Amino acid sequence: MKADMLRFPLALLAAVSLSSAVRAQDDTDALAAATERLDSGMTLARRQAGASDLLGALGTLERLLFAFPEAAPPRLLYASLLCRLDDRQGAELELGLLEGKQIADPDWAEVAAACGPVPRPAPPRRGKRR
């Protein structure tokens with residue numbers, strides 16, 4: 001009799017575990033698809049940050065930075081999130097990687113709002129090429 005009473009909860013637990021695994025795979029697939037393009041990856045990271053999932057947003061941005069290492073917007077958002085997580089040193093390191101890159105004023109405003117006074121990376125040099 002006891003064995004019969006245990007079958008239902010075990011079957012229910014197995015079904016819930018399988019459902020969670022499928023959902024996790026779907027989330028991973030959605031993340032991979034979103035980060036194939038810079039714009040959709042940034043949208044996802046901003047949505048995550050807006051929902052207070054700062055660590056999830058950092059993970060999304062890391063995938064974007066791996067795929068688009070020269071892109072300034074994901075690195076700027078990454079730096080601003082690091083400041084929000086009280087990792088100013090990490091944020092300053094990320095900002096240092098943007099020396100010589102063009103940074104849009106709205107993107108910089110977001111960093112300044114999160115980090116406070118922090119030196120803005122130097123813009124690209126304009127001059128004669130030899």
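Are E94 and R75 buried or exposed? Both are buried, with buried meaning under 20% relative accessible area, exposed over 50% and partly exposed in between, for a 1.4 Å probe and protein chains only.

Some ground rules before we go on. This is a predicted model, so local features need pLDDT of at least 70, side-chain atom pairs count only at pLDDT 80 or more, and totals for chains, interfaces and linings use all residues. Residues are numbered from 1 along each chain as its sequence is written, and side-chain values use heavy atoms, with hydrogens and water left out.

Salt bridges, then. Side chains of opposite charge can pair when their charged atoms come close. The cut-off here: a side-chain nitrogen of Lys or Arg within 4 Å of a carboxyl oxygen of Asp or Glu. Searching the whole structure finds six. I will take three of them.

E94 and R75 form a salt bridge, with the closest N and O atoms 2.5 Å apart. E94 sits in helix α5 and R75 in helix α4, 19 residues apart. Helices are DSSP runs of H or I, at least four residues, and strands are runs of E, at least two, numbered from the N terminus.

Next, E70 with K101. Their side chains meet in a salt bridge at 2.4 Å, N to O. This one links two loops: E70 lies between α3 (54-67) and α4 (72-84), K101 between α5 (88-96) and α6, 31 residues apart. E70 counts as exposed, at 56% relative accessibility. K101 is partly exposed, at 23%.

Third, E110 with R46. The closest N and O atoms are 2.8 Å apart. E110 is in helix α6 (residues 105-115), R46 in helix α2 (residues 38-50), and 64 residues separate them. E110 is partly exposed at 28%. R46 is partly exposed too, at 36%.

Now the helix packing. How do α4 and α6 pack? Their angle is about 15° and their axes are 8 Å apart. Axes are lines fitted to C-alpha atoms, for helices over the stretch in contact, and angles run from 0 to 180 degrees between N-to-C directions. So α4 is roughly parallel to α6; that label covers angles under 35 degrees, with over 145 roughly antiparallel, 65 to 115 roughly perpendicular and the rest oblique.

Which residues make the contact? On α4, they include P73, L76 and L77. On α6, W108 and V111 are among them, and so is E110. Contact means heavy atoms within 4.5 Å. E110, remember, also holds the salt bridge with R46.
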